[in-house]
Amino acid sequence: MKDFLKLAAFIFFPVFASAQNEYTYHADLVNVKKDQVAIELHTPPVKEKTIIYSFPKAIPGSYSQKDFGRFITEFTAYDNAGKKLKVKKLNPNQYEIASANELKKITYKVDDTWDEMHPNFVFQPGGTNIEAGKNFVLNNHAFFGYLEGYKMLPIKLVINKPEDMYGATNMKVDRTPTKDVLYAKDYVFLADNPIVYAKPDTTSFLAGTTKINISVYSATGKVKSEQIAGWLKPMASALAKFFNGLPVASYQFLYYFDDPATSMARKNNGGGYGALEHNYSSLYYLPEVPLESQLKSLVNEVSSHEFLHILTPLNLHSKEIHDFDYVNPKMSKHLWLYEGVTEYFAHLVQLQHGIISEEEFFKNMRSKIGQAKEHWDFSMTEMSKNVLTDQYKSKYESVYNKGALLGLALDLFIREKTDHKKDLKDVVLSLSKKFGPEKPFDDETFFDDFIAASHPAVRGFIADYIEGAKPLPINEYMDKMGYEFAQEKQVNGYFISTQLGLKYDDVNNKFLFTTGSGENALAIKNNDVFYKINGIEVTEKNLEEVWEKYFRSNSTIPTLTLTVIRNGVETELKGDLYKGYKNEQDYVGPVDNPTTEQKRMLEKIVGRS
């Protein structure tokens with residue numbers, strides 16, 4: 001009897017408890033109709049008589065206006081008795097709700113973004129995908145909104161899910177076979193933590209004391225999480241050494257590998273391959289590249305960049321990023337730092353820890369020089385501050401090429417002015433400690449902080465090349481490392497043919513020559529299988545190296561012996577190559593006799609000292 005009375009008391013008192021001051025969202029991934037997901041929100045108590053419910057116009061890390069509210073339909077608000085409240089749609093992203101002090105529930109449906117035919121297509125890693133029975137890509141900023149004035153309240157997210165699907169995310173999750181309950185401290189945290197539901201394929205490992213979690217969805221099953229983990233372990237280890245310990249306890253990599261045919265159609269629709277960073281995770285949309293060496297290179301390059309965002313903007317960012325306004329976004333002027341320096345560091349880390357060679361590093365920088373030429377003479381801070389405008393949005397991609405080259409030049413400049421006592425990494429790490437995740441810097445005075453942490457002469461560099469519109473003198477900075485830069489240079493070498501190429505037969509796992517219409521020095525025929533070169537068997541692992549050495553940049557080898565398979569028969573082709581030259585654009589290469597200081601600088605950059 002005593003137990004019963006205790007139970008009765010337990011049931012009785014909550015009847016008079018006040019409503020929870022939190023959002024409770026319900027999302028149904030089981031009963032999906034017309035490629036839409038139904039959402040039901042139990043709202044926190046609202047004091048105002050009229051309130052606005054908002055979806056984001058833009059999000060951090062994307063730097064473009066996308067209007068996620070345009071993917072919302074059937075938006076309806078209810079009071080406690082189930083009566084509909086009056087709702088007025090103010091713009092693509094906002095709804096005004098009358099009698100809001102009686103508001104109890106909001107319902108609506110969400111369309112995905114990946115299938116959209118629209119000139120303002122949402123880049124896949126920032127969008128959503130709804131494929132019932134296959135996968136759900138939930139970028140939460142595109143599924144859920146918030147009441148103005150109540151953005152920082154806690155959120156509970158209840159997701160009904162198919163039993164055979166697993167929700168990969170950095171968020172805390174209470175799991176059952178058919179339902180997940182996820183928790184966010186506020187809307188900012190919710191929007192910063194995407195979720196991917198699919199049949200489980202996950203792998204975890206430790207990098208130092210940081211737990212790295214990898215989740216993979218592969219449309220045809222070709223790519224596995226264990227495979228990706230094997231590629232990422234050296235990179236994660238290199239980053240841990242670079243940081244002298246990673247500044248996060250755990251990190252989630254979410255990979256979506258699409259079938260090449262499907263992904264190409266989506267890409268042509270305005271999308272693209274790549275990733276979107278978050279503070280404790282990153283979401284990737286990549287093709288199932290059939291050649292493993294190319295897929296590995298792609299994964300490492302993109303992943304290292306996104307992972308490095310745990311340095312900036314997670315630990316070093318402005319108030320505009322920290323208190324992001326989803327409805328009327330105000331951009332920081334320091335994209336050169338968030339994206340440009342991050343891109344430079346992504347290549348530098350791989351160079352200094354043997355993931356890529358010195359030759360590959362400078363090949364990457366050369367590629368960026370070629371891409372940067374189109375957007376050379378403008379202020380990076382002016383572009384960054386106004387990146388949402390028509391005048392500047394087309395220049396955004398420059399952060400990955402011009403921005404990275406600015407990072408390299410600034411690193412060299414700081415090293416030179418401090419006699420190698422400081423470098424760009426030292427400066428960024430010291431500023432990260434000064435500010436950190438919860439202490440944003442002031443956008444207008446940040447350069448003063450940066451100069452104080454580096455060297456007074458850096459003020460001139462910033463005035464000329466970051467705030468100013470002067471083109472970066474690439475030849476001057478390449479020369480500091482004993483490398484030559486020329487806009488055009490005549491390069492002597494040996495050639496088989498200017499039209500020779502390769503294609504991959506993914507059915508038979510063979511590389512086939514394509515010869516074009518002209519002659520070639522070794523009488524190679526179209527569709528000959530590339531089997532051996534100078535007695536070395538050609539494989540996926542060494543193909544890039546072989547092609548670079550013997551075909552693309554051969555300046556020292558006048559004679560070659562190829563073994564091909566022609567009509568099922570091994571055939572040896574041997575002969576002298578054509579001798580000649582070609583005019584190379586944006587040439588970058590080592591000088592013949594570097595000085596002591598050039599050698600020293602190069603050794604510091606490469607990480608040999």
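User: How are H11 and H14 oriented to each other, roughly parallel or roughly antiparallel?
Analyst: In this predicted model, H11 and H14 are roughly antiparallel to each other. The axes of H11 (residues 398–417) and H14 (residues 458–466) cross at roughly 160 degrees and come within 11 Å. Angles over 145 degrees count as roughly antiparallel, so this pair falls in that class.

User: Is the crossing left-handed or right-handed?
Analyst: The crossing of H11 and H14 is right-handed.

User: Which residues meet there?
Analyst: From H11, Leu406, Ala409, Leu410, Phe413 and Ile414 meet Val458, Phe461, Tyr465 and Ile466 of H14. The contact is made up of 9 nonpolar residues, with no polar and no charged ones.

User: Changing topic, how many salt bridges are there?
Analyst: The count comes to 27 salt bridges. One of them joins the side chains of Arg566 and Asp528, at 2.8 Å from N to O.

User: Which parts does that pair tie together?
Analyst: Arg566 lies in strand S26, whereas Asp528 lies in the loop between strands S23 and S24, so the pair links parts 38 residues apart in sequence. Asp528 counts as buried, at 1% relative accessibility.

User: What about Glu548 and Arg552?
Analyst: Their side chains form a salt bridge of 2.5 Å, N to O. Both residues lie in helix H16, 4 residues apart, about one turn of the helix. Glu548 is buried at 16% relative accessible area, and Arg552 is partly exposed at 34%.

How values were computed:
Residues numbered from 1 in each chain as written. Predicted model: local features only at pLDDT ≥ 70, side-chain atom pairs only at ≥ 80, totals over all residues. Heavy atoms only, no water. Axes fitted to C-alpha atoms, helices over the stretch in contact; angles between N-to-C directions. Helix = DSSP H or I, 4+ residues; strand = E, 2+ residues; numbered from the N terminus. Parallel < 35°, antiparallel > 145°, perpendicular 65-115°, else oblique. Left-handed = near helix turned anticlockwise from the far one by under 90°. Contact = heavy atoms within 4.5 Å. Nonpolar A, V, L, I, M, F, W, Y, C, P; charged D, E, K, R; others polar. Salt bridge = Lys/Arg side-chain N within 4 Å of Asp/Glu carboxyl O. Buried < 20%, exposed > 50% of the residue type's maximum accessible area, 1.4 Å probe, protein only.
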